[in-house]
Amino acid sequence: MRSVIVGVSTSAAITAALLPVTIRNLRNAGRLDRPNERSSHVIPTPRGGGIACAVGMMAGIGAARLAGGSIPIGPTMGVAALTLVGHADDRTELSAGCRLGAQILVGALNGDKQGVSVANSLRGALVVPSLVNSFNFMDGINGISAGQVVVWSVSAIPLLRAANLKGLVTLNSVALGSSLAFLPWNIPGARVFLGDVGSYLYGSTIAITWLSATSSDRRIAFRLLSPYFCYLADTGSTLVRRTFEGQNLMEAHRSHAYQRLADQVGVQHWHVACGVSLISALSSVFSRAKHGGVLTSLLVAGYLVSPRVIQAYGANAQASLV
């Protein structure tokens, strides 16, 4: 437990200390996310603050190790590799094929470390790109992704400790610390965005944690992933809907449920982010219940239809006043 506290504290402290410097450097380098018709923000905002989170996590891992904690070498290297890919994408806009290829390679290598077999490699090659890209797609409004990491980590750490996966406990402890430190800079108003470096950092942490943990103990698969169901459902349903509508899947858009709540319904970003975090937390709680799958499905389905329901209610209420 001591190493967890040390890891969380160090990661949070280093991330918090680096963020002001990081923001200044991003502004000086002109690395700003400028608003356009596909954006949910209205002022140019520094993009790439996740690099401070990455350094904070590395420092936290080192401090936790000095405090007696374990370091998961394979998962840590996988997270580091994809974080570098995200950083490169922020700077040079890598092609989709290059990004996907790196995700598949890291997934296959981490899947294979759980036992040399084609099946394990294929499992990793599917899981890592799916979870990393879903995280990246959902990182579009203030506070949503940092909040998701907080909920994920708080839910995952006890499960990983119970399964005696000490290295993964360390990895997710430092993720918790860095995300907590990042939140005040991104909510309620955003002074900096995570960027792809941050999305890949946290998305790969979640993906590789789930992959590695369930390879060791498949009994925790559902409970471990449950806080992430909202992200997966929003991403999956949006891809399916856009496919049937004949839209270009590689084109930026604003049709996720969380984007429609913020842009079309008019709910403030941080309110939507808090709502998604609450749904994720409840999904984790429901996963312990006898009919947890049903409860979680109903909860997530309610979230997906909420933009349409709220819009319809608002239209009806307005009509009744006319």
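**Figure 1. Asn248 is partly exposed, with a relative accessible area of 45%.** In this predicted model, local features require pLDDT of at least 70 and side-chain atom pairs count only at pLDDT 80 or more, while totals for chains, interfaces and linings use all residues. Residues are numbered from 1 along each chain as its sequence is written, and side-chain values rest on heavy atoms, with hydrogens and water left out. A residue is called buried under 20% relative accessible area, exposed over 50%, and partly exposed in between, as judged with a 1.4 Å probe on protein chains only. Asn248 belongs to the loop between α10 and α11. Helices are DSSP runs of H or I with at least four residues, strands are runs of E with at least two, and the numbering starts from the N terminus. From C-alpha to C-alpha, Asn248 lies 31 Å from Ala119, and 129 residues separate Asn248 and Ala119 in sequence.

**Figure 2. Ser255 occupies the loop between α10 and α11.** The relative accessibility of Ser255 is 16%, so this serine counts as buried. Setting aside neighbours within four places in sequence, Ser255 is in contact with Thr238, Arg241, Arg242 and Arg260. Contact here means heavy atoms within 4.5 Å. One of these partners, Arg260, is among the buried residues of helix α11 (residues 257-265). The buried residues of α11 are Ala257, Tyr258, Gln259, Arg260, Leu261 and Ala262. After α11 comes Gly266, which has a positive phi, near 95°.

**Figure 3. Phe135 and Tyr231 form a tilted aromatic pair.** A pair of aromatic rings is described by the distance of the centres and the angle of the planes. Rings of Phe, Tyr and Trp (its six-membered ring) pair if their centres lie within 6.5 Å; planes under 30 degrees apart are stacked, over 60 edge-to-face, and the rest tilted. By this rule there are 4 aromatic pairs. For Phe135 and Tyr231 the centres are 5.6 Å apart, with 50° between the planes. The pair joins distant parts of the chain: Phe135 is in helix α5 (residues 118-138) and Tyr231 is in helix α10 (residues 229-244), 96 residues apart. Phe135 has a relative accessible area of 0% and is therefore buried. Tyr231 is likewise buried, at 0% relative accessible area. One aromatic cluster is formed by Phe135, Tyr202, Tyr228 and Tyr231.

**Figure 4. Phe222 and Phe229 form an aromatic pair that is tilted.** Their ring centres are 5.5 Å apart, and the angle between the planes is 45°. Phe222 is partly exposed, since its relative accessible area is 35%. Phe229, by contrast, is buried, with a relative accessible area of 18%.

**Figure 5. The charged end of Arg191 sits over the ring of Trp185.** The distance from that charged end to the ring centre is 4.3 Å. A charge sits over a ring if NZ of Lys or CZ of Arg is within 6 Å of the ring centre and within 35 degrees of the ring normal.

**Figure 6. A cis peptide bond leads from Ile187 to Pro188.** Omega of this bond is near 0°. Pro188 is part of the loop between α7 (166-182) and α8.

**Figure 7. Glu93 and Asn164 are non-glycine residues with a positive phi.** Most residues other than glycine have a negative phi, and most peptide bonds are trans. For Glu93, phi is about 55°. Glu93 is found in the loop between α3 and α4 (96-112), and its relative accessible area of 67% makes it exposed. For Asn164, phi is about 60°. Asn164 is placed in the loop between α6 and α7 and counts as exposed at 54% relative accessibility.

**Figure 8. Ser283 lies in helix α12 (residues 269-286).** Ser283 counts as buried because its relative accessibility is 0%. Apart from residues up to four places away in sequence, Ser283 touches Ser226, Thr296, Leu299 and Val300.

**Figure 9. Ala156 is a residue of helix α6 (residues 144-162).** With a relative accessible area of 0%, Ala156 is buried. The C-alpha atoms of Ala156 and Leu299 are separated by 20 Å, and along the chain these residues are 143 residues apart. Leu299 is also one of the residues that Ser283 touches.
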